[in-house]
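Welcome! Please take a moment to look over the sequence and the 3D view before reading on. The report below walks through them step by step.

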Amino acid sequence: MLKRQKIISSLVLIAASAVGLIYCIRNTGETTLSIHPLFLPSILFGALCLLSVIRLYSGVRMKPEEDEKHDIHVPKKSLLTMALIVAYALLFKPLGYVVDTFLYLVIQMLLLKDGKKNYALIALIAVIGSVGVYALFVYGFNVMLPPGVLNHLF
C-alpha cells in the first residue's frame with residue numbers, strides 16, 4: 001500500500017507543481033523591478049517538481065518487503081492550518097494585506113497556543129507583524145500590497 005500511495009502522491013505533486021510553474025512562467029511580464037515577483041514562486045514550484053520526481057523514482061524502485069501497511073494520521077490542527085492558509089489566500093485582495101494578515105496571525109496563534117492565552121500579546125504581535133511587514137514592503141522595497149478595506153477608510 002505504501003508503494004502505491006508514494007507513486008500516486010508523487011504524480012499529484014508533479015502535476016500541481018507543473019501547473020504552478022506554467023502559471024508563473026505565463027504571467028511573468030514586464031516590470032521595473034530587478035527581480036520579478038513570480039521569480040521565487042517559480043523556483044519553489046521547480047524545486048517541488050524535482051523533489052516529487054525523486055520521490056516517484058524511489059516509489060517505483062521500492063522493494064516488496066518495504067511495502068508495508070501505513071496508517072496516515074493528520075492532526076486536526078494541521079487540517080485547520082491548511083484551511084486557514086486557503087482562507088488567507090482567498091481573502092488577500094478583498095480584505096487587503098494588513099487586515100488579512102492580522103486576522104490570519106491572530107487565528108493561527110490562537111489555534112497553535114495550548115493552555116492559557118494572552119490575548120493582548122497575540123493582538124500586539126499580529127499588529128506589529130502585519131503593519132511592520134506592510135511598511136517594509138511598501139516603503140522599503142517599493143512593492144505595493146493590496147490595501148483592501150483600508151483603502152476606503154483613508
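## A residue to begin with

Asn142 sits in the loop between H5 and helix H6 (150–153). Please keep in mind that you are looking at a predicted model. In this model Asn142 has a phi near 60°, which is a positive value in a residue other than glycine. With a relative accessible area of 59%, Asn142 is exposed.

## The overall picture

Followed along the sequence, the pattern reads α-α-α-α-α-α. The radius of gyration of the chain is 20 Å, while the globule rule gives 15 Å for 154 residues; the value is well over that, so the chain is more spread out than a compact globule. Taken along the principal axes, the C-alpha atoms fill a box of roughly 65 × 50 × 20 Å.

What share of the 154 residues is buried? Buried residues make up 19% of them. Among the contacts with a separation of 6 or more, 66% are between residues 24 or more positions apart.

## Surface and charge

The chain exposes about 11400 Å². Carbon and sulfur atoms supply 72% of that area. As for charge, there are 14 positive and 8 negative side chains. The centres of these two sets lie 5 Å apart.

Helix H2 covers residues 39–60, and Ser52 is one of its residues. Is Ser52 buried or exposed? Its relative accessible area is 2%, and since buried means under 20%, Ser52 counts as buried. Leaving out residues up to four places away in sequence, Ser52 touches Ser10, Leu13 and Ile14. Along the chain, Ser52 and Leu40 are twelve residues apart, and their C-alpha atoms are separated by 18 Å.

Leu48 is also placed in helix H2. Here the relative accessible area is 32%, so Leu48 is partly exposed. Setting aside residues up to four places away in sequence, Leu48 touches Leu13 and Ser17. Leu48 and Ile14 are 34 residues apart along the chain, yet 7.5 Å separates their C-alpha atoms.

Another residue of helix H2 is Ser42. It counts as buried at 17% relative accessibility. Apart from neighbours within four places in sequence, Ser42 is in contact with Leu21 and Cys24.

Now look at Val19, which is found in helix H1 (residues 2–26). At 58% relative accessibility, Val19 counts as exposed. Val19 and Phe45 are 26 residues apart in sequence, and their C-alpha atoms are 8.8 Å apart in space.

## Aromatic rings

How many aromatic pairs does a search of the whole structure find? The search finds five. A pair of aromatic rings is described by the distance of the centres and the angle of the planes. The rings of Tyr97 and Tyr134 have centres 6.2 Å apart and planes at 25°, so this pair is stacked. Tyr97 belongs to helix H4 (residues 97–112) and Tyr134 to helix H5 (residues 119–140), so the pair ties together parts that are 37 residues apart in sequence. Tyr97 itself counts as buried, at 10% relative accessibility.

In the pair formed by Phe137 and Phe141, the ring centres are 5.3 Å apart and the planes are at 80°, so the pair is edge-to-face. Phe137 counts as partly exposed at 31% relative accessibility, and Phe141 is partly exposed too, at 48%.

Which residues do ring pairs link into a cluster? They are Tyr88, Phe92, Tyr97, Tyr104 and Tyr134. In the 3D view, you can start at the stacked pair of Tyr97 and Tyr134 and then look for Tyr88, Phe92 and Tyr104 as the other members of the cluster.

Methods
Residues numbered from 1 in each chain as written. Predicted model: local features only at pLDDT ≥ 70, side-chain atom pairs only at ≥ 80, totals over all residues. Heavy atoms only, no water. Helix = DSSP H or I, 4+ residues; strand = E, 2+ residues; numbered from the N terminus. Rg over C-alpha atoms; globule rule 2.2 N^0.38 Å. Buried < 20%, exposed > 50% of the residue type's maximum accessible area, 1.4 Å probe, protein only. Contact = heavy atoms within 4.5 Å. Areas by Shrake-Rupley, 256 points an atom, 1.4 Å probe, with all protein chains shown as cover. Lys, Arg positive; Asp, Glu negative; His and termini not counted. Charge placed at Lys NZ, Arg CZ, Asp CG, Glu CD. Phe/Tyr/Trp six-rings, centres within 6.5 Å; stacked < 30°, edge-to-face > 60°.
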